[in-house]
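The exercises below ask the reader to work through contacts between and within chains, each followed by a solution in steps. Please keep the coordinates open while reading.

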There are 2 protein chains.
Amino acid sequence: MTAPSESFAPRREEPVFARLAIIGIGLIGSSIAHAARDLNLAGRILLYDRDEAVRRRARELGLGHDVADSATDAVRDADHVILCVPVGACGEVAAEIAPSLKPGAILSDVGSVKNAVVEAVLPHLPDGVHFVPAHPVAGTENSGPDAGFPSLFLNRWCILTPPEGTDETAIARTRRLWEGMAAIVEIMSAQHHDMVLAITSHLPHLIAYNIVGTAEDLAAVTQSEVMKFSAGGFRDFTRIAASDPTMWRDVFLHNKDAVLEMLGRFSEDLALLTRAIRYGDGETLHRHFTRTRAIRRGIVALGQEKPETEKLRKS
Amino acid sequence: MTAPSESFAPRREEPVFARLAIIGIGLIGSSIAHAARDLNLAGRILLYDRDEAVRRRARELGLGHDVADSATDAVRDADHVILCVPVGACGEVAAEIAPSLKPGAILSDVGSVKNAVVEAVLPHLPDGVHFVPAHPVAGTENSGPDAGFPSLFLNRWCILTPPEGTDETAIARTRRLWEGMAAIVEIMSAQHHDMVLAITSHLPHLIAYNIVGTAEDLAAVTQSEVMKFSAGGFRDFTRIAASDPTMWRDVFLHNKDAVLEMLGRFSEDLALLTRAIRYGDGETLHRHFTRTRAIRRGIVALGQEKPETEKLRKS
């Protein structure tokens, strides 16, 4: 059994959903299970993972009320079903569970890419079932059923991308679930989501994965040196580059156009800075380095990050 | 007057240096002033900054024992002089203070680039004065005399790059000063330092500055959206890209060769990942994303970073 968490969010008198099903028990799935249970967001929470060892571990951890032995068992009679699987698996899972979804149920997901998920899931959606895709912009470098914790979504944005014409009540109830977990909900189109996330998340991950790889391949600098002196900046990239490889492979394969567009812009800009270094153009460098400070202040002001010294002094 | 800090390091019975001079009162200079005073590493600490407003602020903050009105006044009779100015200013400052350095004194600096500093400073070095360049691999996104705090160097590496033939006692005393501030000291050549830091610090900063610039130039995604959804990865880059522009301009201008070499490798590797995305080569992506996890674990194991969930749960 999970212990009630410290009060990062109020516990509901009445659950938002009578029966919640979570398919896929990784960092996100297990965090939803913790939060929904601690905060009474669902009367009954069923989980399923296709990996038997993960199901066993989820039972040991006491995640949700029960761990089912099949996806169809987990979703039967559920009012809200959340696919917490890699983006590339959403279509297949949707096809498998579709016949077992009850009329009026809401199907959702947590994928970091939305357009590809909508395209993969919609063809399987039974009449009378609502589809409200969601993307909680939250995560840590850890994955698996042990990685979850209830306050993962606290003060983090959750983006909903309901296809046009989606039932308003289904959207409102999905919003209530995420707001119940202390997330801040925003609604936008799947297309726009994919562009926004390409620059704020997908490109940073690709760059981080890339620079860590470059560092590993060096012969003149040992890996031990790279690790020792990582506090100079590299360290922050390694945190991102430790994210789940399968999840991120799927993100790049399924948000190809937006990522390639951002990559193109990034590379053009980098060519400019490279040239400034080669020709000793200090003015261009200084001008560029000055204007990037404002966006940092905005992020701190928005409460999405604490100023760094505060964290350092505490630690 | 600065209050004694919490005991992050033991206070010395006897100071390492009778008289310490700090030229340049930014994040690093003010942090050394705090630490050296709190931990009794110097009997008397004198500071100087060429900016009058900074000198006034340093006096208000009670940094060191006195703030001199000229660099020559600050260094006169000093046993240890640390240049805490941008890398590009080291040669000029060395030329100015050289006639006032007393025989047997140790001249040092804190620059993030070492070969260029050695080349700029050595020609001005008077006979009998020892030169022990230092680079504390520590920092925050904040600059100026208010940014400093005594435990900045705690558990951070400080790299010394004494030119061949440097007096061993001078090296040992410089080591004792930094170890007294709870840093971990390592000695290597200036050339090797510049290569190691090019990959662990300089390239990450350039990449971070670049991606934040790319994000700012987008028309399809607003700045407000970039800030709101930054928790997906972008946020970590903005912290680095908020670093002092003058310091970093100088780093890139003075470690040009090593930075261009690392940039070349980085761009080649990125072309490979870009191609894998374009042609849907999930296997290449997955293989690359898997191997980068090990280096992260090494950094956490070395105590240079706490695992992320630990920080998140605390906050």
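## Exercise 1: The interface of the two chains

Across the interface of chain B and chain A, 10 salt bridges are found by the rule, in a model that is predicted.

Task: describe the interface of chain B and chain A by its polar contacts, its residues and its buried area.

Solution. Next, widen the view to polar contacts, of which the interface of chain B and chain A has 42 residue pairs, both partners being at pLDDT 80 or more. On the side of chain B that touches chain A, the largest share comes from α7(B), with 20 residues. That side of chain B divides into 49 nonpolar, 31 polar and 25 charged residues. Then count the contacts, where 105 residues of chain B meet 104 residues of chain A. Finally, turn to area: the size of an interface is often given as the accessible area lost when the parts come together. Between chain B and chain A about 10200 Å² is buried, and carbon and sulfur atoms give 66% of that area.

## Exercise 2: Aromatic pairs between the chains

Task: classify the ring pair of Phe229(A) and Trp157(B) from its geometry, and then do the like for Phe289(A) and Tyr209(B).

Solution. Over all chains the structure holds 11 aromatic pairs. For Phe229(A) and Trp157(B) the ring centres are 5.7 Å apart, which is within the 6.5 Å limit for a pair, and the planes stand at 80°, which is over 60 degrees, so the pair is edge-to-face. This pair crosses between chains, since Phe229(A) sits in the loop between α8 (223-228) and α9 (234-240) of chain A, while Trp157(B) belongs to strand β8 (residues 157-160) of chain B. Both partners are buried, Phe229(A) at 0% relative accessibility and Trp157(B) at 10%.

The rings of Phe289(A) and Tyr209(B), by contrast in class, are stacked, with 3.9 Å from centre to centre and 15° between the planes. Here too the pair crosses between chains, from helix α12 (residues 282-291) of chain A, which holds Phe289(A), to helix α7 (residues 190-216) of chain B, which holds Tyr209(B). Phe289(A) has 0% relative accessibility and counts as buried, and Tyr209(B) is likewise buried at 0%.

## Exercise 3: Two single residues

Task: decide whether His288(A) is buried or exposed, and find which residues Val129(B) touches.

Solution. His288(A) lies in helix α12 of chain A, and its relative accessible area is 12%, so with a cut-off of under 20% the residue is buried. With neighbours within four places in sequence left aside, the contacts of His288(A) are Leu273(A), Tyr209(B), Asn210(B) and Gly213(B).

Val129(B) is placed in the loop between α5 (115-121) and β6 (130-131) of chain B, and at 7% relative accessibility Val129(B) counts as buried. Not counting residues up to four places away in sequence, Val129(B) touches Leu101(B), Lys102(B), Ala105(B) and Leu107(B). To compare sequence with space, take Val129(B) and His80(B), which are 49 residues apart in sequence and 9.9 Å apart from C-alpha to C-alpha.

Methods:
Residues are numbered from 1 along each chain as its sequence is written. Chains are lettered from A and ligands numbered from 1 in the order in which they are written. This is a predicted model: local features need pLDDT of at least 70, side-chain atom pairs count only at pLDDT 80 or more; totals for chains, interfaces and linings use all residues. Side-chain values use heavy atoms; hydrogens and water are left out. Rings of Phe, Tyr and Trp (its six-membered ring) pair if their centres lie within 6.5 Å; planes under 30 degrees apart count as stacked, over 60 as edge-to-face and the rest as tilted. Helices (H or I, at least four residues) and strands (E, at least two) are DSSP runs, numbered from the N terminus. Buried means under 20% relative accessible area, exposed over 50%, partly exposed in between (1.4 Å probe, protein chains only). Contact means heavy atoms within 4.5 Å. Buried area is the accessible area (1.4 Å probe) that two parts lose on being put together, summed over both. A salt bridge is a side-chain nitrogen of Lys or Arg within 4 Å of a carboxyl oxygen of Asp or Glu. A polar contact is a pair of N or O atoms within 3.5 Å; within protein, one must be able to donate a hydrogen and the other to accept it, and residues adjacent in sequence count only if both atoms are side-chain atoms. Ala, Val, Leu, Ile, Met, Phe, Trp, Tyr, Cys and Pro count as nonpolar, Asp, Glu, Lys and Arg as charged, and the others, Gly among them, as polar.
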